[in-house]
Amino acid sequence: MNVAVVGIGRIGLPLAATIASKGHQVFGCDINASLVERINRAENPIPDEAGLGAVLKQVVADGTFRATTETASAVAKSQVVLFAVRVDIDAEGRADLQYLFSAAEEAAKGLQPGTLCIFDTTLPVGTTRRELAPRLEATGKKLGVDFHVAFSPERLLMGRVIEDLTKYPKVVGGVDPEAGEKAAAFYREVFGGEVLQLASAEAAELSKLAEGAYRDLNIALANELAMIADVHGIDVTEVIAAANSQPYSHIHVPGTGVGGHCIPVYPRFLMQGEGPSALPALGRQVNDAMPGYVVRRAEELLGGLAGKRVLIMGLTFRPDVAVTFHTNAVDLLREFSTRGAVVSGHDPLLTDAGVRELGFEPAASMAGFDLAVVHSNHRSYAGLAWGSIAPLVVDARNALDRRVVEDTGARYLGVGRPVTN
């Protein structure tokens, strides 16, 4: 079949390339002309996405994948249209749907009779039916007659999108039952994995928000346990390991908040919608406060931060993926700077320009600091002589082996973990 994937960024490109690798003709649609040209030369714009480079070269060479800026024309040639446009939040903390709306309005111009449209993203409950389907009807075509609409939440982790496409069941829900059945059949055809067809688009939308809220609240619980452990001089990692030895406990890892394009964003879609949202709001409040909490602990240990030289290491939102959406490294920078510290940043995955875009001054070297904070523990940081970097190392994600840090002559401070004497 012919498939148009609208939005070929971190999720859409590996999604499109994988479908093309199954022998389908795929058009990758994007408004970024330079990105389209680069992809059509088989140049991988996401080098840290496992397996993408090889798949992209294959499908471009085979002719089963072509990128284009002509969305309406690509849609006109396709039986299925997948929308993989990223949704973020605006300044008020509400879903920012402007790019997805524009994509739907452009795609509507090319819809042909019988086209199946699937929004493969994450949305506030009711958005597919109330906001997106009407935009596809704008050119006079009738929903459920001339075309069908379904929603399927992306359940993928950046850096391993291709692997995750079949690792978990694919969830789908149609605006009407026929759309749901068509979407389920499509995903079974292109990926071959398990598909869970829910009763409606709204059920599928809520299922993804439930996943995100669960993880955010779980991390908030871990963070509160860490703060209790600090009061009593207990190592929270020992506590959590003991609790999780019971099969019904699955407490996550505490740290300086939650970053990325998913977990800190999607609970806010519940907070803006219909129905209760007290718990998602509380989870966000707890996690958003963690950068300040950890910085205050460091400030107490050092007797103040004014004039102290601080190095924040690993500025991406998680290790070994060059993505900085909602990274807590920026929150740490704000908290340290407010207290008078002189802050530098280091990240092997970013250029100096990328470091500066986040508000940091790139570190000239990794030595001679008063305090080092490991925000994202990239693989390349293994084996560092921590004591030569700074006399105090703050483990913002409880990701380091404290004995390794201490053996290099540095003091260790984790989240909910006693400091080295």
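By class, 15 nonpolar, 9 polar and 9 charged residues make up the lining of the second largest pocket. The model is predicted.

**Exercise 1.** Describe the second largest pocket by its volume, its central residues and its main helix.

*Solution.* 
1. The volume of the second largest pocket is about 910 Å³.
2. Its lining counts 33 residues, of which L157, R215, I263, F317 and R318 are the closest to the centre.
3. Helix 9 (residues 201–232) gives the most to this lining, with 5 residues.

**Exercise 2.** Describe the largest pocket in the same way, and state which helices supply at least two residues of its lining.

*Solution.* 
1. About 1100 Å³ is the volume of the largest pocket.
2. Among the 42 residues lining the largest pocket, I8, G9, R10, D30 and R86 are the closest to its centre.
3. At least two lining residues each come from helix 2 (33–40) and helix 5 (98–108).
4. Helix 5 gives the most, with 4 residues.
5. Sorted by class, the lining holds 21 nonpolar, 11 polar and 10 charged residues.

**Exercise 3.** Helix 9 also packs on helix 13 (residues 290–302). Are the two helices roughly parallel or roughly antiparallel?

*Solution.* 
1. The axes of helix 9 and helix 13 come within 12 Å and cross at roughly 20°.
2. Angles under 35 degrees count as roughly parallel.
3. Helix 9 and helix 13 are therefore roughly parallel to each other.
4. The crossing of helix 9 past helix 13 is left-handed.
5. On the helix 9 side, the contact uses N223, M227 and D230; on the helix 13 side, M290, Y293 and R297.
6. These contact residues divide into 3 nonpolar, 1 polar and 2 charged.

**Exercise 4.** Helix 5 packs against helix 6 (residues 127–136). Work out how the two are oriented and which residues meet.

*Solution.* 
1. The angle between helix 5 and helix 6 is about 30°, and their axes are 7 Å apart.
2. The cut-off for roughly parallel is an angle under 35 degrees.
3. Helix 5 is therefore roughly parallel to helix 6.
4. From helix 5, L100, F101, A104, E105 and A108 meet E131, L132, R135 and L136 of helix 6.
5. This contact has 6 nonpolar, no polar and 3 charged residues.

How values were computed. Residues are numbered from 1 along each chain as its sequence is written. This is a predicted model: local features need pLDDT of at least 70, side-chain atom pairs count only at pLDDT 80 or more; totals for chains, interfaces and linings use all residues. Side-chain values use heavy atoms; hydrogens and water are left out. On a 1 Å grid over the protein atoms alone, a cavity is a set of points where a 1.4 Å probe fits but cannot get out, and a pocket is an open set with protein on both sides within 12 Å along at least five of seven lines; lining residues have an atom within 4 Å of a point. Grid points are joined across faces, edges and corners, and a volume is the space filled by probe spheres set on the points. Ala, Val, Leu, Ile, Met, Phe, Trp, Tyr, Cys and Pro count as nonpolar, Asp, Glu, Lys and Arg as charged, and the others, Gly among them, as polar. Axes are lines fitted to C-alpha atoms, for helices over the stretch in contact, and angles run from 0 to 180 degrees between N-to-C directions. Angles under 35 degrees count as roughly parallel, over 145 as roughly antiparallel, 65 to 115 as roughly perpendicular and the rest as oblique. A crossing is left-handed if the near helix is turned anticlockwise from the far one by less than a right angle, and right-handed if clockwise. Contact means heavy atoms within 4.5 Å.
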